[in-house]
Amino acid sequence: MANDLVAVRGNKRRQLPDEVASYVREQIMSGHFKPGDFLRMEPIAEAVGVSNTPVREGLLTLHNEGFVQLVPRRGFVVAPFTRQDVHDLFWAQAKLAGELAARAAKNITPEQLAKLEAIIEQLEKAVKADDKDLIADLGHAFHREINLAANSHRLALLLAGIVKHMPNRFYASLESRVSSTREQHPLMVEALRKRSVRKARTLMEEHIVESADYVIEMLEESGFWDDEESEA
């Protein structure tokens, strides 16, 4: 099991536009690209190691997600992103993930429960080693296993579309620094084992919603919002 989890790092390179979108999304959410900044394709292409074509395709993806705006004859500009946007993303994620957890409580197998327990063990080791990449991978693996157990592919796809709005580093930080987040994983597994639909839904929703304030705090520390908005 451990080898399977670590192997996620060895996946082949993603599609180039996806790499561009991930890079720019990370720069926006880390405060390096701020709302109102125009995005020049050449520096982005150089940073990611691609040509301008996948850069434009990646920026179009971010345009569809609402991260950037397209200004005629001028190019792409970073769109406004508010604290309410952060809360909305986590609220939507919590509702979908909560429903998936509830369905998983009805369908989960002993093998899937064993995988979740193994992931928790691996995650604790990754946190102690401060391995942020592995923390993010294992955090996603934990939720992915629950989503698979729900046996609701379309709903899981809708959730994935929301989750990708937040860079992996935020999830890594949440898994490693918010103590309640790590404490909730075993509780969630226990609810799934007991096939407690209501408890599984509630734990998952709380697990996700309470993270919104922490992400906002991280964004404030990174200088994502200027002082004028901070006072608003």
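Biologist: Of the 232 residues of the chain, what percentage count as buried?

Modeller: This is a predicted model, and within it 47% of the 232 residues count as buried. The chain exposes about 12500 Å², of which carbon and sulfur atoms supply 50%.

Biologist: How many helices and strands does the secondary structure of the chain come to?

Modeller: The chain has 13 helices together with three strands. As for contacts between residues at least 6 apart in sequence, 75% of them join residues at least 24 apart.

Biologist: How should I read the sheet, and in what order do the three strands stand?

Modeller: In general, the strands of a sheet pair through backbone hydrogen bonds, and the pairing may be parallel or antiparallel. Here the three strands form an open sheet in the order β1-β3-β2, with antiparallel pairing. Because β1 (38-39) and β2 (68-71) stand at the edges and each has a single partner strand, one side of each is left without a neighbour in the sheet. Between β2 and strand β3 (residues 75-78), which run antiparallel, there are four bridges, and L70 has F76 in β3 as its bridge partner.

Biologist: Which helix lies across these strands?

Modeller: That is helix α4 (residues 52-65), which lies across β1, β2 and β3 and runs at about 110° to β2.

Biologist: Which residues have the most contacts inside the largest nonpolar core?

Modeller: The largest nonpolar core has 67 residues, and those with the most contacts inside it are V24, I28, L39, V86, I146 and L192. Helix α5 (residues 83-107) gives the largest share of this core, 10 residues.

Biologist: Where do α5 and α7 meet, residue by residue?

Modeller: The axes of α5 and helix α7 (residues 132-150) come within 7 Å and cross at roughly 65°, and the crossing is left-handed. On the α5 side, L100, A101, R103, A104 and N107 meet I146, N147, A149 and A150 of α7.

Biologist: Does N147 count as buried or exposed?

Modeller: A residue is called buried when its relative accessible area is under 20%. N147, whose place is in helix α7, has 16% relative accessibility and therefore counts as buried. Not counting residues up to four places away in sequence, N147 touches L100, A156 and L159.

How values were computed. Residues are numbered from 1 along each chain as its sequence is written. This is a predicted model: local features need pLDDT of at least 70, side-chain atom pairs count only at pLDDT 80 or more; totals for chains, interfaces and linings use all residues. Side-chain values use heavy atoms; hydrogens and water are left out. Helices (H or I, at least four residues) and strands (E, at least two) are DSSP runs, numbered from the N terminus. Buried means under 20% relative accessible area, exposed over 50%, partly exposed in between (1.4 Å probe, protein chains only). Contact means heavy atoms within 4.5 Å. Accessible areas come from the Shrake-Rupley method with a 1.4 Å probe; for residues, only the protein chains shown count as cover. Two strands pair if DSSP finds at least two bridges between them. Axes are lines fitted to C-alpha atoms, for helices over the stretch in contact, and angles run from 0 to 180 degrees between N-to-C directions. A nonpolar core is a set of buried Ala, Val, Leu, Ile, Met, Phe, Trp, Tyr and Cys residues joined through side-chain atoms within 4.5 Å. A crossing is left-handed if the near helix is turned anticlockwise from the far one by less than a right angle, and right-handed if clockwise.
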